Each structure stands twice: as C-alpha cells, then as structure tokens.
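Please show the structure, and let us go through it together with questions and answers.

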Amino acid sequence: MSGSADGRQPVASTVKAPVFLRIGDSTTEPTPSGVCVLDVTLPLGKPVNVEEMSFKNYYTAYLTVRLLRRSPEHNGLAKWCTAVRDLPLMDNPHTEGGSQDYYSIHRTQMQVKPDHVVTLRLILRQPSSAWLTFSLEDIRIFPHTEPLTEPEKNVSDWLSELVLLDKQPHVEGLPDPQTVSSSIQQMWALTEVMQTNQTTASIGRFDVDGCYDIQSLT
C-alpha cells in the first residue's frame with residue numbers, strides 16, 4: 001500500500017466486503033435501502049491513534065464513521081462511538097458532482113478523539129435510485145504521531161548560560177561599567193560637598209569696573 005505525498009505511511013488494515021442493507025423478508029423481494037456498511041479492521045492487538053483517513057468516493061452521498069475504541073483506562077473494554085455523522089460527499093445525490101472525488105478526514109474534524117481504535121465502521125448512504133451501486137475505494141488510515149518538542153532545560157543548563165554571559169568580553173570601544181560607576185559616585189560626592197560649603201555672598205558675574213571682560217565671555 002503506497003504512502004501519502006508527504007511520505008507518511010498508512011497502517012496495515014483490512015477492508016471487509018461491503019454489506020448492503022435491504023428492506024423486506026425472505027418471502028418477498030427485498031428492496032434496497034440505500035445503506036451500505038464497510039468495516040475496516042486494524043492490526044489485531046495493536047490499537048491505533050488515527051491521524052487521518054483518506055479515500056476515493058464512488059457514488060456515496062453521505063458518510064458516517066463509527067469507531068470501536070479499546071481504552072486502556074477501562075480495562076481494555078471496547079466501545080463504539082460516532083466520530084463523523086452524515087458527512088456529505090456529493091453536491092447532490094442525483095447528480096455526479098463529487099461522486100468520484102478524493103477525500104480526507106483529519107482527527108480534528110472528528111467529534112471524538114480517534115485514539116486506541118481497533119475497527120472503523122463506515123456507514124454509506126445513497127438515497128438516489130439513479131445509482132445501482134455505491135462504495136468507497138482506496139481507504140487508507142494514517143497513524144497519529146506526537147510532534148517533536150525541544151527538551152526542557154534544567155537548572156544547571158540555565159546557570160551555565162549565565163556564567164558564559166558573565167565571561168563574555170566587553171564591547172570594544174565602550175568604557176568599563178565599573179569605572180563609569182565609580183566616577184559617577186565621586187562626582188555625586190563632590191557635588192554634595194560643594195553644595196554644603198556654598199557661600200551665601202553674591203558676586204557679579206563678569207562685572208569688572210562696570211564693564212564686561214571680553215575674555216571672560218569666551
């Protein structure tokens with residue numbers, strides 16, 4: 001069985017022969033009900049987390065997908081649930097629009113999480129009498145894989161990065177931060193001393209004999 005365009009490989013699965021439901025008993029001619037059931041079984045003893053289901057339509061108007069899930073939380077008991085209900089595959093059951101198109105159903109489009117699945121039951125409906133047979137072809141089930149995540153850093157990793165940052169050389173052309181800090185403290189202390197010893201006497205600025213000194217202004 002071939003994989004998808006992005007290299008993913010489907011899980012091994014077995015599609016059982018379709019069962020067409022009919023209305024009536026053995027004494028009368030049964031009437032087609034327009035309902036067909038397809039069972040897709042997955043590897044025995046290996047429940048699958050389903051990522052996506054793809055297939056080619058063949059004159060099926062509506063699709064319902066039921067899953068048989070074997071949950072490990074419930075002692076391995078299997079239970080049926082509905083994942084997709086009456087999904088339209090054709091524009092109109094009486095016309096050919098969409099009758100032979102390819103489709104895919106992703107796990108995010110399902111009503112329940114398709115995890116621990118052992119069997120998929122596909123219920124096909126075709127209410128139009130224009131088509132004698134209907135089915136699905138090329139059914140492929142792709143497994144779900146968790147995306148790779150970056151491992152979390154422990155405390156020792158963060159401390160190592162901090163030590164490396166402290167050991168990095170200073171940027172060329174900039175003064176040493178400790179020298180700048182010491183100079184600012186000295187200037188602040190000098191300013192405090194000057195303000196404390198400041199005299200209250202008023203003197204004229206640049207006033208020499210009633211005129212300005214040109215050199216004092218330069």
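**Reading a predicted model**

Author: This is a predicted model, in which local features need pLDDT of at least 70 and side-chain atom pairs count only at pLDDT 80 or more, while totals for chains, interfaces and linings use all residues. Residues are numbered from 1 along each chain as its sequence is written, and side-chain values use heavy atoms, with hydrogens and water left out.

Reader: In which strand is Asp39 placed?

Author: Helices (H or I, at least four residues) and strands (E, at least two) are DSSP runs, numbered from the N terminus. By that numbering, the place of Asp39 is in strand E3.

Reader: Is Asp39 buried or exposed?

Author: Buried means under 20% relative accessible area, exposed means over 50%, and partly exposed lies in between (1.4 Å probe, protein chains only). Because the relative accessibility of Asp39 is 15%, this residue counts as buried.

Reader: With the side chain of which residue does the side chain of Asp39 make a polar contact?

Author: A contact means heavy atoms within 4.5 Å, and, when residues up to four places away in sequence are not counted, Asp39 touches Thr14, Val15, Lys16, Leu120 and Arg121. A polar contact is a pair of N or O atoms within 3.5 Å; within protein, one must be able to donate a hydrogen and the other to accept it, and residues adjacent in sequence count only if both atoms are side-chain atoms. At 2.8 Å, the side chain of Asp39 has such a polar contact with the side chain of Arg121.

Reader: The side chain of Tyr103 reaches the backbone oxygen of which residue?

Author: Tyr103 is found in strand E7, residues 102-106, and counts as partly exposed because its relative accessibility is 24%. Apart from residues up to four places away in sequence, Tyr103 touches several others, including Met53, Phe55, Asn57 and Leu89. At 2.3 Å, the side chain of Tyr103 reaches the backbone oxygen of Leu89.

Reader: What separates the C-alpha atoms of Tyr103 and Asn57?

Author: Tyr103 and Asn57 are 46 residues apart along the chain, yet Asn57 is among the residues that Tyr103 touches. The separation of their C-alpha atoms is 7.3 Å.

Reader: What is the phi of Tyr59?

Author: Tyr59 lies in the loop between strand E4 (50-58) and strand E5 (62-70), and it counts as buried because its relative accessibility is 11%. Although Tyr59 is not a glycine, its phi is positive, at about 60°.

Reader: Which strand supplies the largest share of the lining of the largest pocket?

Author: On a 1 Å grid over the protein atoms alone, a cavity is a set of points where a 1.4 Å probe fits but cannot get out, and a pocket is an open set with protein on both sides within 12 Å along at least five of seven lines; lining residues have an atom within 4 Å of a point. The largest pocket has a volume of about 230 Å³, a volume being the space filled by probe spheres set on the points, which are joined across faces, edges and corners. Of the 15 residues that line it, the closest to its centre are Pro32, Gly34, Trp131, Leu132 and Phe134. The largest share of the lining, 4 residues, comes from E3.

Reader: How many helices and strands does the chain have?

Author: Read along the sequence, the chain follows the pattern β-β-β-β-β-β-β-β-β-α-α-β-β-α. Its elements are 3 helices and 11 strands.
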